[in-house]
Amino acid sequence: MTTRMNISSGSTYEAAYGYSRAVKVGDTVYVAGTVGLDYETGTCDPDPVVQLHQIVRNMGAALAKAGADLNDIVQITTYVTSEEVFAVVGPALGEIFGDIRPTNTALVVRFPVPDAKVEISAVAVIGCGK
């Protein structure tokens, strides 16, 4: 029987809106859309690249709780507030994920989190990383 493990970051949004930061099923980890919210301050830096790096830290922490890391990511979906934001975030994504090379779909959207300009969701398969 495949087991399920719900993973929380401790963000108040998770409890309030009924979701997990990540869910591990077997060797697969599904990471919820994650914005660049600093969990200690409850704020997002206005710079979208700084937000991206915070997203990676937040996602990395969730993956670690599941026994995975960024190298195990096979798919990401990147959400941005405008094409201009993606123009600066895209190259930074290339620097972060260039060796990993997961699939990526990018969408322009609006976020309910004030000041958020970037959000990423991911799927990782434990043990497939380089």
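Two strands pair if DSSP finds at least two bridges between them. Six bridges join strand E6 (residues 73–80) to E7, and these two run parallel. Helices (H or I, at least four residues) and strands (E, at least two) are DSSP runs, numbered from the N terminus. The model is predicted: local features need pLDDT of at least 70, side-chain atom pairs count only at pLDDT 80 or more, and totals for chains, interfaces and linings use all residues. Residues are numbered from 1 along each chain as its sequence is written, and side-chain values use heavy atoms, with hydrogens and water left out.

**The sheet**
- Six strands form an open sheet in the order E1-E2-E3-E8-E6-E7, with mixed pairing.
- Strands E1 (4–7) and E7 (103–108) stand at the edges with a single partner strand each, so one side of each has no neighbour in the sheet.
- Gln-75 stands opposite Thr-103 in E7.

**Helices on the sheet**
- H2 packs on the sheet, where contact means heavy atoms within 4.5 Å, and touches E1, E2, E3, E6 and E8.
- H3 packs on the sheet too, touching E6, E7 and E8.

**Helix against helix**
- The axes of H2 (residues 48–65) and H3 (residues 83–97) come within 9 Å and cross at roughly 40°.
- Axes are lines fitted to C-alpha atoms, for helices over the stretch in contact, and angles run from 0 to 180 degrees between N-to-C directions.
- Residues of H2 including Leu-52 and Val-56 meet residues of H3, among them Val-89 and Leu-93.
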